[in-house]
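Let's take a walk through a protein model together. Have a look at the picture first, then read on.

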Amino acid sequence: MNNELKQQFPQWVTENEKGRYSLCMSDDLDSFMSCFMLNQLFGYDITYFYSFTGIYQSVSNNQKEVIGIDIALENGKCWDNHVTRINSDSIVNPQAANLNNIQMIHSGNYANKYSGSTLLQIMSYYNIPLPTDKEKLMILLAIDSSYLGHYSTNDYFAMIHHQMMNSLGYEHVNSFLDTVTKTDFNRINQHYNLKGKITVDQNGCLQTNIKLKELSILFNKDFVLPTDCFIHKYALDNKITRINQDTPKPETGIFSLALTAKDKCKYSRLME
């Protein structure tokens, strides 16, 4: 990642004390792999799980300050890749490590957004090189459809995607994507079920239909979910609303908020 962008991230991402924080994981592979990367780098453990309808706490919760991973928190530390400004005047979470916040992306310039994964953002910030193996690289680019902008029929969207990869320091990705197709990525997604979900069963155990065992063999890493029991702590009320550049942010009490399209916003709040 270029230094100009790095300097605009919140200060806490520069801290490297082992085990200082714990993590709140959400329900997809982007969040899981991001948590895995932060665990490898800093020894942070997953002690919370966010399912969009509820928040679950591990029975062995260590009471450390928590970082939300791939969650667009309104307050508190988080790594995420969402657009969280409704308009140019919207106030955003100053503790969010988020390229779209840094680049002032909102509903009015939504087409300029960073459309890569939270994982790529983390890897780039901490100077983690992408794998050279074709299958491994395709998997990482398939997470959160980080490859998709390259194949856009809209030249402007494709240009933004190329610039994004350059800013991350992954310039070689653009030429690599010229050698593979969206059909190739569809095969990767289906083979490993990369778009699968992580859920909590009736016993409080995390489970997934993502093929983590196969991914572990390929990467020679132990991609396993936490084995702790997770207890439901808070219910979340979710709303989706239409927006435009003149729409103010929803009333206070918001837990998470993200634009899912240039004219649509999804947000949640903790229920009493």
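What follows covers a cavity, a helix and some salt bridges.

A quick word on the ground rules: this is a predicted model, where local features need pLDDT of at least 70, side-chain atom pairs count only at pLDDT 80 or more, and totals for chains, interfaces and linings use all residues. Residues are numbered from 1 along each chain as its sequence is written, and side-chain values use heavy atoms, with hydrogens and water left out.

Let's start inside. A cavity is a set of points on a 1 Å grid over the protein atoms alone where a 1.4 Å probe fits but cannot get out, and its lining residues have an atom within 4 Å of a point. The count comes to one cavity of 30 Å³ or more, and the largest cavity holds about 30 Å³ of space; the volume is what probe spheres set on the points fill, with points joined across faces, edges and corners. Its lining includes Trp12, Glu15, Phe42 and Tyr126. Sorted by class, the lining has nine nonpolar, no polar and one charged residues. Here Ala, Val, Leu, Ile, Met, Phe, Trp, Tyr, Cys and Pro count as nonpolar, Asp, Glu, Lys and Arg as charged, and the others, Gly among them, as polar.

Now for helix H4, residues 118-125. Helices are DSSP runs (H or I, at least four residues), strands are too (E, at least two), and both are numbered from the N terminus. Is H4 buried or exposed? Eight of its eight residues are buried, so H4 is largely enclosed by the rest of the structure. Buried means under 20% relative accessible area, exposed over 50%, and partly exposed in between (1.4 Å probe, protein chains only). After H4 comes Asn127, with a positive phi near 60°.

On to the salt bridges: a side-chain nitrogen of Lys or Arg within 4 Å of a carboxyl oxygen of Asp or Glu. The whole structure has six of them, including these:

| Pair | N to O distance |
|---|---|
| Glu15 and Arg20 | 3.5 Å |
| Lys249 and Glu74 | 3.0 Å |
| Arg242 and Asp263 | 3.0 Å |

Lys249 sits in the loop between strands S9 and S10 and Glu74 in the loop between S4 and S5, so this pair ties together parts 175 residues apart in sequence. Glu74 is buried at 17% relative accessibility. Glu15, which also lines the cavity, is buried at 15%, while Arg20 is partly exposed at 38%.

Methods:
1 Å grid on protein atoms, 1.4 Å probe; cavity = no way out; pocket = protein on both sides within 12 Å on 5 of 7 lines; lining within 4 Å.
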